[in-house]
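Dear colleague,

Here is the structure I promised to pass on to you.

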Amino acid sequence: MKRTDLGKWSINFRTDRDMLHKEMADALGLSASYLSSIEHGRKPIPEDWWDKVCRTFELTLPEASSLKIAIMRSKKSVTLPIENEYEARLLVAYQDHRSNLTDKTTREIENLISCQENKAGAYGTEKQKAADP
């Protein structure tokens with residue numbers, strides 16, 4: 001079976017850190033076969049996966065961001081909490097028009113949101129937060 005984007009991310013991550021598959025599984029408290037099943041899409045990605053991997057391996061901001069993207073691309077659907085009417089309208093508008101967005105517009109939206117996340121300190125470990133200007 002073909003690896004998911006999460007599986008590809010995991011291989012690249014382990015390679016970059018000279019880590020064996022079993023070492024990653026052990027660090028996450030999983031069997032190697034269960035980790036493999038997640039990476040190949042045979043088992044669902046646990047809801048706390050991003051947080052667990054970020055904390056366990058103290059991911060850098062770029063690693064955490066690429067992991068989140070890999071998780072989302074590997075899931076068949078995504079559930080988002082909606083806290084108010086504005087968020088609901090924003091999500092519906094995005095869904096209705098996403099196929100018409102140009103790459104440039106999509107990047108502009110992403111950059112706008114990323115700037116807000118960085119200001120709020122939404123990602124990264126304490127090391128990165130302390131190192132940021």
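This is a predicted model: local features need pLDDT of at least 70, side-chain atom pairs count only at pLDDT 80 or more; totals for chains, interfaces and linings use all residues.

Residues are numbered from 1 along each chain as its sequence is written, and side-chain values use heavy atoms, with hydrogens and water left out.

The protein chain has eight helices and zero strands, where helices (H or I, at least four residues) and strands (E, at least two) are DSSP runs numbered from the N terminus. Of its 133 residues, 23% are buried; buried means under 20% relative accessible area, exposed means over 50%, and partly exposed lies in between (1.4 Å probe, protein chains only). Among contacts (heavy atoms within 4.5 Å) with a separation of 6 or more, 55% are made by residues 24 or more positions apart.

The largest nonpolar core has 20 residues, and those that touch the most other members are W9, M24, W49, V53, F57, L59 and L67. Helices α1, α2, α3, α4 and α5 each supply at least two residues of this core. A nonpolar core here is a set of buried Ala, Val, Leu, Ile, Met, Phe, Trp, Tyr and Cys residues joined through side-chain atoms within 4.5 Å. Leaving aside residues up to four places away in sequence, W49 touches L6, L28, L30, L35, I38 and I71.

In α4, the buried residues are W49, V53, C54 and F57. Seen down the axis of α4, these residues fall within an arc of 125 degrees, so they line one face of the helix; the arc is that of the directions from the helix axis to the C-beta atoms. They pack against α1, α2, α3 and α5, and α4 is followed by E58, whose phi is positive, near 45 degrees.

Helix α3 (residues 32-39) has L35, S36, S37, I38 and E39 as its buried residues, and these pack against α1 (5-16), α2 (21-27) and α4 (49-57). S36 counts as buried at 18% relative accessibility, and S36 touches H21 and R42, again not counting residues up to four places away in sequence. After α3 comes G41, whose phi is positive, near 80 degrees.

The structure holds seven salt bridges, each being a side-chain nitrogen of Lys or Arg within 4 Å of a carboxyl oxygen of Asp or Glu. In one of them E39 pairs with R14, with the closest N and O atoms 2.7 Å apart. Because E39 lies in α3 and R14 in α1, the pair ties together parts that are 25 residues apart in sequence. E39 is buried, with a relative accessible area of 1%, and R14 also counts as buried, at 7% relative accessibility. Another salt bridge joins D51 and R55, with the closest N and O atoms 3.0 Å apart; D51 is partly exposed, at 34%, whereas R55 is exposed, at 62%.

On the surface, M72, V78, L80, I82 and L91 form a nonpolar patch with about 420 Å² of accessible area together. Patches are made of residues with over 30% relative accessible area and no salt bridge, like charges being joined within 9 Å and nonpolar side chains (Val, Leu, Ile, Met, Phe, Trp, Tyr) within 5 Å; accessible areas come from the Shrake-Rupley method with a 1.4 Å probe, and for residues only the protein chains shown count as cover.

With best regards
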